[in-house]
Amino acid sequence: MYLLSVRKISKWYETYSGRFFALKKVSVDFPNRGFIAIMGKSGSGKSTLLNILSGIERPDSGSIWLEGKKMGKGDSPILGRRSSIIFQHYNLINGLSVIDNIALPLSMRGMSKRAVSTLCRKLGISKLRKRKVDNLSGGEKQRVAIARALAISPSIVYADEPTGALDEGNSEIVMGYLKKISRKRLVIMVSHNKELVDKYADRVIEIRDGQITSDSGGEIEGEDKKAIVRKDKHRSFWIGKIIGLGLRKHFGKNLMCGFSSFIGFAALLLSVGFVLGNGPAMEEESAKVLHHLLAKASLEEEYEIPGSNLHLIKSVKPRQDDLEETLGDI
Ligand code: ADP
Ligand code: MG
């Protein structure tokens, strides 16, 4: 099973000259680990694809599957699963120290901060631990950002042009780290640096005008190479062919048989409907109403930022049973 898949996802924007597609019916699968690069020219849809994979943006059509489960409209992949994002411009919080920046996602989740010093050591930033991030170099900032991304032990790390603002030496260091962490987890990176991608990535997906134009499939150690991308297409092709042949051989018989099965099935459905009455339909309707409320209701959680007067307020979706309980009181 793939860790992450998308099927026929499209994203469009309404413009004065009509509908503009940033992504057009993109389908792709990602395994549990490996370093996968998404490449393409500026404006080709790379960030849009990454943002949809990570859950920052929602597609206008198509589906996202995480560990074989389809993500619903109300599901937030980022909050719900262990995944982190690394940005081109680091997105660190100025005014806070290196340690406090790295510990932030842990504080927000109420998790232990014990891992922070180990991460600093692994990324070679132990000496910078107490410095404010404001005056660090680009390469140092990106290493802090990688440590922050790893703090929650994510199973997926997304990176959007992580070396875009770095010189060659620092780019190599950052790519080396991303490669290393991809041995145990999935790393999906957007880049337009072909040289670095060719050197470090296990698999390269190229995108042009919102569509995948090539996919190297990759050679991820220990992964079934053929399992990537076209496996399901192949299987359904052969199954389709076998069924097709059988049907053609006994066409008349099959037609009659299919028709009578259809009548039988329709009759069965009708009788089940009569027996069960309206109960399930009503239940379904109330589940829909509850789901709607759940999508609208939100809980606010407040977090202190260590060493700062600022407070973070996070809006989270309440659990369905909490909402049911609350609604029961109204
Ligand atoms: P890339 O990361 O490959 O440079 P993006 O995924 O950011 O490209 O954008 C893909 C296309 O979608 C671009 O042509 C961009 O101009 C367009 N686009 C992105 N966001 C919007 C928006 N909010 N409104 C209109 N067009 C957008
Ligand atoms: Mg981009």
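Lys-46 reaches out to ligand 1: an N or O atom in the Lys-46 side chain is 2.9 Å from an oxygen atom of the ligand. Keep in mind that this is a predicted model.

**Around ligand 1**

- Thr-48 also has a side-chain N or O atom facing the ligand, 2.5 Å from one of its oxygen atoms.
- Ser-44 does things another way, using its backbone: an N or O atom there lies 3.1 Å from a ligand oxygen.
- Taken as a whole, the protein covers 59% of the 570 Å² of accessible area that ligand 1 has on its own.
- Who makes up the shell? You'll find Tyr-13, Phe-20, Ala-22, Lys-41, Ser-42, Gly-43, Ser-44, Gly-45, Lys-46, Ser-47 and Thr-48 around ligand 1.
- Sort that shell by class and you get 3 nonpolar, 6 polar and 2 charged residues.
- Two elements, β2 (18-30) and α1 (46-54), each supply at least two shell residues.
- Helix α1 gives the largest share, with 3 residues.

- Which residues of α4 (residues 115-122) are buried? They are Val-116, Leu-119 and Cys-120.
- Look down the axis of α4 and these buried residues fall within an arc of 100°, so they line one face of the helix.
- That buried set packs against two other helices, α3 (98-109) and α5 (138-150).
- Just past the end of α4 comes Gly-124, which takes a positive phi of about 65°.

**Ala-37, tucked into strand β3**

- Ala-37 sits in strand β3, which spans residues 34-39.
- Is Ala-37 buried or exposed? Its relative accessibility is 0%, so Ala-37 counts as buried; the cut-off for that is under 20%.
- Leaving aside residues up to four places away in sequence, Ala-37 touches Met-189, Val-197, Ala-201, Arg-203, Val-204 and Ile-205.

Definitions and conventions:
Residues are numbered from 1 along each chain as its sequence is written. Chains are lettered from A and ligands numbered from 1 in the order in which they are written. This is a predicted model: local features need pLDDT of at least 70, side-chain atom pairs count only at pLDDT 80 or more; totals for chains, interfaces and linings use all residues. Side-chain values use heavy atoms; hydrogens and water are left out. A residue is near a molecule or strand if one of its heavy atoms lies within 4 Å of it. A polar contact is a pair of N or O atoms within 3.5 Å; within protein, one must be able to donate a hydrogen and the other to accept it, and residues adjacent in sequence count only if both atoms are side-chain atoms. Accessible areas come from the Shrake-Rupley method with a 1.4 Å probe; for residues, only the protein chains shown count as cover. Helices (H or I, at least four residues) and strands (E, at least two) are DSSP runs, numbered from the N terminus. Ala, Val, Leu, Ile, Met, Phe, Trp, Tyr, Cys and Pro count as nonpolar, Asp, Glu, Lys and Arg as charged, and the others, Gly among them, as polar. Buried means under 20% relative accessible area, exposed over 50%, partly exposed in between (1.4 Å probe, protein chains only). The arc is that of the directions from the helix axis to the C-beta atoms. Contact means heavy atoms within 4.5 Å.
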